[in-house]
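Come along and look things up with me.

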Amino acid sequence: MKILVTGGAGFIGSNFIRYWTNKYPDDKIVNLDALTYAGNLENLKDIENNKNYEFIKGDIRDADLVNDLVKDVDLIIHFAAESHVDRSIQNSEDFIKTNVLGTRVLLDAAKNNGNIRFHHISTDEVFGALGLDDEPFNEDTPYDPRSPYSASKAASDHLARAYFHTHKLPITISNCTNNYGPFQFPEKLIPLFITNLIEGEKVPVYGKGENIRDWIYVDDHNAGVDAIIKKGRIGETYCLGGENEITNLEITKKILNLMGMGEEMIEYVKDRPGHDFRYAMDITKAKNELGWRPKIKFEEGLKKTVEWYKNNKDWWRGIKSGSYLEYYKKQYGRN
Ligand code: NAD
Ligand code: TDX
């Protein structure tokens, strides 16, 4: 099988390519990635010389390139996106361009080249925000995106579903909760906090740290995508999650504990505008239909992740410089 993976130089995409090449070494993978600030070929150093792997630097909005690349492809797995909520609040332009218009280019290319099987990677954030007593999201939850990021992802989900209904394009969609693990760009909560602490810097908790997320180790997400590709029903959505709801403050304390540091390293900062209070996912459908479930316990995954960032300082020190510092200063008002 030949697969076009988009956004394979990012966090989840690179972990996915490693997962897939280990499990299915005979499959050919073409990785199309524009190498934005979030894309990094260092994420795939161990794979780059694999004979069944090819990297193409390019934009998913480049219709000529995309049409050319999909000619002999059996499956498209679409990870490429602008993925950080805070950046979408600072400026949403690239979110609309990549997440909405880019997805449309890929869907058209799949449609125009023999209705290629298409898996769209999405997020729990399209469903909006939950209160403490609300039932978790599931596949039937109405869409209610509240940030520019989640609105752009919701639009891309709707487009994928529209191509299924209108053009019979064989799509599936996964909506997953917060991922963590190695190679995550240090703008997201867990890698930002770990790397700040390694540098002896405080960690910026938004508001009172009471917001709740569900966290899944990236390999568990990738195993879920694998299960959907092998066993999922065409046209269906599958909700994936870690069954691991926790407040930001509790995570922060766990990280501090693993690093042998105290709560004096916490700095409570201005809250995120429109900060979604709680995300949680009911993953019954994926469990029952796919036989998939998350396997990595949060304590184990978090420990592995802390160790990875401690052992790979060159990887993230290179990233936490240049334009990142401009973003960081704007976001947190400090260097
Ligand atoms: P990431 O920001 O780490 O990586 C995104 C990748 O896409 C980068 O390599 C970047 O260079 C590439 N890219 C961006 N714009 C592009 C364009 N126009 N053309 C080609 N490549 C482009 O993101 P991630 O955290 O790995 O997320 C991957 C996918 O998973 C996204 O679709 C995201 O919405 C979704 N998702 C993420 C999470 C999470 O917790 N990180 C949870 C659920 C769903
Ligand atoms: O400095 C911070 N301080 C803080 O308190 C950062 C960066 C985050 N937070 C809070 C905001 C959220 O409640 O931590 C929580 C997690 O924040 P992020 O890591 O930015 O993730 P989130 O906004 O929940 O979105 C993530 O999960 C869903 C991914 O970035 C999305 O791509 C994915 O779709």
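Which strand does Ile56 lie in? I found Ile56 in strand 3, residues 53-57.

Before going on, I noted that this is a predicted model, in which local features need pLDDT of at least 70 and side-chain atom pairs count only at pLDDT 80 or more, while totals for chains, interfaces and linings use all residues. Residues are numbered from 1 along each chain as its sequence is written, chains are lettered from A and ligands numbered from 1 in the order in which they are written, and side-chain values use heavy atoms, with hydrogens and water left out.

I use helix and strand for DSSP runs numbered from the N terminus (helices are H or I with at least four residues, strands are E with at least two). I call a residue buried under 20% relative accessible area, exposed over 50% and partly exposed in between, with a 1.4 Å probe and protein chains only. Ile56 is buried because its relative accessible area is 17%. I then looked from Ile56 to Phe185, which is 129 residues away along the chain, and the two C-alpha atoms are separated by 21 Å.

Val66 belongs to helix 2, residues 63-69. Its relative accessible area is 0%, so Val66 is buried. Between Val66 and Asp108 there are 42 residues along the chain, and 9.6 Å separates their C-alpha atoms.

**Entry: ligand 1**

Which residues are closest to ligand 1? I listed Ile12, Asp33, Ser83, Tyr149 and Lys153 as the closest of the 28 residues that surround ligand 1 (each with a heavy atom within 4 Å of the ligand). By class, this shell has 13 nonpolar, twelve polar and three charged residues. In this notebook Ala, Val, Leu, Ile, Met, Phe, Trp, Tyr, Cys and Pro are nonpolar, Asp, Glu, Lys and Arg are charged, and the others, Gly among them, are polar.

Helix 1 (11-23), strand 5 (117-123), helix 5 (148-167) and strand 7 (178-180) each give at least two residues to the shell around ligand 1. Strand 5 gives the most, with three residues.

I checked some distances from oxygen atoms of ligand 1. One such oxygen lies 2.7 Å from a polar backbone atom of Ile12. In the side chain of Tyr149, an N or O atom is 2.6 Å from an oxygen atom of ligand 1. For Lys153, a side-chain N or O atom is also 2.6 Å from an oxygen atom of the ligand. Taken alone, ligand 1 exposes 830 Å², and the protein buries 97% of that (Shrake-Rupley areas, 1.4 Å probe).

**Entry: Asn179**

Strand 7 holds Asn179. Asn179 counts as buried because its relative accessibility is 7%. The side chains of Asn179 and His221 are joined by a polar contact of 2.7 Å. A polar contact is a pair of N or O atoms within 3.5 Å; within protein, one must be able to donate a hydrogen and the other to accept it, and residues adjacent in sequence count only if both atoms are side-chain atoms.

On a 1 Å grid over the protein atoms alone, a cavity is a set of points where a 1.4 Å probe fits but cannot get out; a pocket is an open set with protein on both sides within 12 Å along at least five of seven lines, and lining residues have an atom within 4 Å of a point. Points are joined across faces, edges and corners, and a volume is the space filled by probe spheres set on them.

How many cavities of 30 Å³ or more does the structure hold? I found one. The largest cavity has a volume of about 30 Å³, and its lining includes Gly10, Asn43, Phe185 and Trp315. That lining has six nonpolar, four polar and no charged residues.

The second largest pocket holds about 230 Å³ of space. Among its lining residues are Tyr37, Arg87, Asp94 and Tyr327. Helix 12 gives the largest share of this lining, three residues.

**Entry: two phi angles**

Most residues other than glycine have a negative phi. Leu35 has a positive phi near 55° and sits in the loop between strand 2 (28-33) and strand 3. Asn115 has a positive phi near 50°, in the loop between helix 4 and strand 5.
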